[in-house]
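Work through the exercises below with the sequence and the structure at hand. Each task is followed by a solution in steps.

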Amino acid sequence: MQSDLIVCKNKCVFCFIDQLPKGLRQTLYIKDDDYSLSFMYGNYVSLTNLTDKNLKEILTYKISPLYVSVHTTSHKLRGQMLQNENAPNILEQLSKLANAGITLYTQIVYCPNFQSLAEIEKTLSDLYSLSVQNVAIVPVGLTKHRKNLTHIDPVTKEIATSLIDICKSFKGFAFLADEIYLKAQVEIPKVNHYKNFSQIENGVGMLAKFKHQFEKAIAKHQPTNKVTDTAIITGVSASPFIKQLTANFIDTITIENNFFGNSVTVAGLITAQDIINTFKGKTNLDEPNLNGTNKYKKIIIPRTMLNEDLLFLDNISVNCLQKELNCDIIICEVNGTKLAKLLAEL
């Protein structure tokens with residue numbers, strides 16, 4: 001395996017790293033495109049940096065599975081989206097890997113004004129014919145820090161609904177990110193829809209699994225009363241889902257993302273400063289309790305908001321957040337069983 005990290009040489013029109021403001025942790029600006037990290041950690045790679053030596057190594061040592069960002073099987077369109085006219089033909093690359101027995105998981109970042117819905121159908125058909133394991137479709141993430149970047153239309157409710165309809169023809173093969181169901185304002189599929197949850201790290205099936213775990217566990221660990229001194233926080237997109245699930249047990253507070261812009265609605269991209277501004281600025285939260293800050297003595301946050309050092313994206317620590325809000329911060333994994341047990345213990 002190579003010791004030096006293979007970095008991305010594409011300039012993808014949808015690249016989230018290019019949409020980050022300055023001043024964040026340096027590691028957030030690293031654009032890896034390393035097939036070894038794909039194998040070890042499930043990172044998605046484009047394969048545009050794959051040399052003959054790399055390919056030989058993959059085939060010789062059966063480095064598998066690999067997670068590949070495809071986006072489209074149209075060679076011309078993919079070059080435009082990656083802004084790399086020298087990008088190899090992805091169908092040829094995937095075919096060679098699949099024929100050698102390499103297990104492949106694939107991804108499409110959907111950008112409405114680049115891939116037509118017909119193009120998505122063709123790409124799904126092409127990938128299906130190659131016998132890749134499955135494909136995840138995730139909506140493009142757009143922050144307010146896109147100055148001088150290519151314009152991309154957001155995924156709307158209507159588009160999300162169309163994507164759901166398309167994927168019905170590829171049941172068990174094409175999976176949609178939870179965010180697409182939330183945008184379409186339709187019910188999340190049941191857990192059996194997702195089989196072995198192979199794309200859960202891509203936000204595919206996370207809510208279905210969470211709901212299944214929570215409902216099963218809450219029946220066992222039924223809290224006696226709704227807690228009034230504790231709140232759970234989440235992002236805009238998941239807020240209705242979490243509120244419906246936990247309304248009888250705890251208050252859910254929605255955190256709007258002013259740091260990245262209100263088009264970013266997922267919980268994992270919430271910063272500490274937006275949490276602080278929410279709890280210190282909104283009138284429905286400013287009932288003082290004994291600690292003089294807000295009416296909640298404890299705030300539950302999902303683990304996805306933090307890195308391994310318990311830092312938020314804006315480099316603020318959990319300890320700093322606790323001091324700022326003068327209340328206890330409880331970190332909970334995105335796991336319905338653990339949340340149910342936690343609520344029963346409060």
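**Exercise 1.** Locate lysine 195 in this predicted model, and decide whether lysine 195 is buried or exposed.

Solution.
- Lysine 195 lies in the loop between α7 (178-184) and α8.
- Its relative accessible area is 59%. The cut-off for exposed is over 50%, so lysine 195 is exposed.
- The phi of lysine 195 is positive, about 55°, although the residue is not a glycine.
- Most residues other than glycine have a negative phi.

**Exercise 2.** Find the loop that holds glutamine 83 and classify the accessibility of glutamine 83.

Solution.
- Glutamine 83 sits in the loop between α3 and α4 (90-99).
- Phi of glutamine 83 is near 50°, a positive value in a non-glycine residue.
- With a relative accessible area of 44%, glutamine 83 is partly exposed.

**Exercise 3.** Describe the peptide bond between serine 64 and proline 65.

Solution.
- Omega is about 5°, and the bond joining serine 64 to proline 65 is cis.
- Proline 65 belongs to the loop between α2 (52-61) and β2 (66-69).

**Exercise 4.** Determine how the axes of α8 and α9 are oriented to each other, and which residues meet.

Solution.
- The axes of α8 (residues 206-220) and α9 (residues 239-246) come within 11 Å and cross at roughly 10°.
- Angles under 35 degrees count as roughly parallel, so α8 is roughly parallel to α9.
- From α8, Leu207, Phe210, Lys211, Phe214 and Glu215 take part; from α9, Phe241, Ile242, Leu245 and Thr246.
- By type, the residues of this contact are six nonpolar, one polar and two charged.
- Two of the α8 residues, Phe210 and Phe214, are also touched by leucine 339, as is Thr246.
- Leucine 339 is among the residues that touch the most other members of the largest nonpolar core, which has 81 residues.

**Exercise 5.** State the strand order of the sheet and identify the strands at its edges.

Solution.
- Five strands form an open sheet in the order β1-β2-β3-β4-β5, with parallel pairing.
- β1 (44-45) and β5 (174-176) each have a single partner strand, so one side of each lacks a neighbour in the sheet.
- Inside the sheet, β3 (residues 104-110) and β4 (residues 134-139) pair over six bridges.
- Threonine 106 stands opposite valine 135 in β4.

**Exercise 6.** Is leucine 77 buried or exposed, and which residues beyond four places in sequence does leucine 77 contact?

Solution.
- Leucine 77 is part of helix α3 (residues 75-82).
- A relative accessible area of 12% makes leucine 77 buried.
- Its contacts beyond four places are Thr72, Phe114, Gln115 and Glu119.
- Phenylalanine 114 is 37 residues away in sequence, with a C-alpha to C-alpha distance of 7.8 Å from leucine 77.

Note on methods: Residues are numbered from 1 along each chain as its sequence is written. This is a predicted model: local features need pLDDT of at least 70, side-chain atom pairs count only at pLDDT 80 or more; totals for chains, interfaces and linings use all residues. Side-chain values use heavy atoms; hydrogens and water are left out. Axes are lines fitted to C-alpha atoms, for helices over the stretch in contact, and angles run from 0 to 180 degrees between N-to-C directions. Helices (H or I, at least four residues) and strands (E, at least two) are DSSP runs, numbered from the N terminus. Angles under 35 degrees count as roughly parallel, over 145 as roughly antiparallel, 65 to 115 as roughly perpendicular and the rest as oblique. Contact means heavy atoms within 4.5 Å. Ala, Val, Leu, Ile, Met, Phe, Trp, Tyr, Cys and Pro count as nonpolar, Asp, Glu, Lys and Arg as charged, and the others, Gly among them, as polar. Buried means under 20% relative accessible area, exposed over 50%, partly exposed in between (1.4 Å probe, protein chains only). A nonpolar core is a set of buried Ala, Val, Leu, Ile, Met, Phe, Trp, Tyr and Cys residues joined through side-chain atoms within 4.5 Å. Two strands pair if DSSP finds at least two bridges between them.
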